[in-house]
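Hi everyone, and thanks for coming. Let me put the sequence and the model up on the screen, and then we can walk through a few places together.

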Amino acid sequence: MRALVSRALVYGRMIKFSHSVFALPFALASALIAAGGRVPWRELPWIVVAMVGARSAAMGFNRLADHAVDARNPRTAGRELPRGLLSRAEVWLFVLLSAAALVVAAAMLNPLCLALSPVALAVVLGYSYAKRFTSLSHLILGLGLSIAPVGAWLAVRGRFAVPPIVLGLAVLLWVAGFDTIYACQDVEFDRREGLFSLPARLGTARALAIARVLHVLAVLLLASLAVLVPLHPVYLAGVAAVGALLAYEHSLVSARDLSRVDAAFFTVNGWISVGYFAFTLLALRLA
């Protein structure tokens, strides 16, 4: 049992399972809004399985795609594949099983979710090669995570609508912004390797300025959701809290000092997603 737990922890570290907190709360918030404030008990477990499956497949595939690159980057050389803690065959099996979990969960939800599951997989897996071709790879990562609130809405309602698209766009811009900040750590390495990112193309200072603009737009989109959905005014207090946390996130980093990028990326963004869900839940209960 100890060996199994240890092995599971290796896989968990490979895909950074704890970072599931970034997109999952937005998916749950979307599902609650779609259900009119009630808990969609029938769909909820399958939404979670689909989310975990999609993200696990995406992260595992990313590690496979970046295996050689990670080995050459001092910041990532300690990851599980470069260190030999996992074999490529093991990771491929993990990716296939995770992708299968997404498809099965989608099938258990409704026909539209099942039909769109290959599209979702194409987006979240395709991101891993985006930085070989475009400096807008941060937006593609954001697109991958923006599927979460849209997919959760489709799981409950079975049809598209404006609110989840607005929420998805907000998530897209939020993720693209914080991924741009995170990429500032690898500017010189990316340039040497011929990899694309906004910091590598524009420099750290300009990239951080773009990240700020993306985050301002994300907050405005979150606020606009209150016009589309009957939510208690406490929702706007939650959006204001998100804005304050994003401002704090940007205060932690500068073009001259990136030493606190991890705190900005991991801790603050985790509080943003969880806090947004908590305020949305409260707003639905009070509406």
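One term before we start: when I say that residues touch or are in contact, I mean heavy atoms within 4.5 Å. What we have here is a predicted model, where local features need pLDDT of at least 70, side-chain atom pairs count only at pLDDT 80 or more, and totals for chains, interfaces and linings use all residues. Residues are numbered from 1 along each chain as its sequence is written, and side-chain values use heavy atoms, with hydrogens and water left out.

Let's begin with Tyr235. Leaving aside residues up to four places away in sequence, Tyr235 touches Leu222, Leu225, Ala226, Tyr276, Thr280 and Ala283. Tyr235 also belongs to the largest nonpolar core, where Ile47, Trp174, Leu222, Tyr235 and Tyr276 have the most contacts. By such a core I mean buried Ala, Val, Leu, Ile, Met, Phe, Trp, Tyr and Cys residues joined through side-chain atoms within 4.5 Å; buried means under 20% relative accessible area, with a 1.4 Å probe and protein chains only. This core has 62 residues, and its largest share, 12 residues, comes from helix α9. Helices here are DSSP runs of H or I, at least four residues long, numbered from the N terminus. A separate core has 21 residues, including Phe61 and Leu121.

Now, how do α13 and α14 cross? The axes of α13, residues 234–251, and α14, residues 261–286, come within 8 Å and cross at roughly 175°. Axes are lines fitted to C-alpha atoms over the stretch in contact, with angles from 0 to 180 degrees between N-to-C directions. Over 145 degrees counts as roughly antiparallel, so that is what α13 and α14 are to each other. Among the residues making the contact are Tyr235, Ala241 and Leu245 of α13, and Trp271, Tyr276 and Phe279 of α14.

Next, please find helix α2, residues 24–34. Because 10 of its 11 residues are buried, α2 is largely enclosed by the rest of the structure. The cover over those buried residues includes α3, α8, α9, α12 and α14. After α2 comes Gly36, with a positive phi near 70°.

Last stop: Thr180, in helix α9. Is Thr180 buried or exposed? It counts as buried, because its relative accessibility is 0%. The Thr180 side chain reaches the backbone oxygen of Ala176 at 2.7 Å. Beyond four places in sequence, Thr180 touches His138, Leu198, Pro199, Ala207 and Ala211.

Key
Helix = DSSP H or I, 4+ residues; strand = E, 2+ residues; numbered from the N terminus. Parallel < 35°, antiparallel > 145°, perpendicular 65-115°, else oblique. Buried < 20%, exposed > 50% of the residue type's maximum accessible area, 1.4 Å probe, protein only. Polar contact = N/O pair within 3.5 Å; in protein donor to acceptor, adjacent residues only side chain to side chain.
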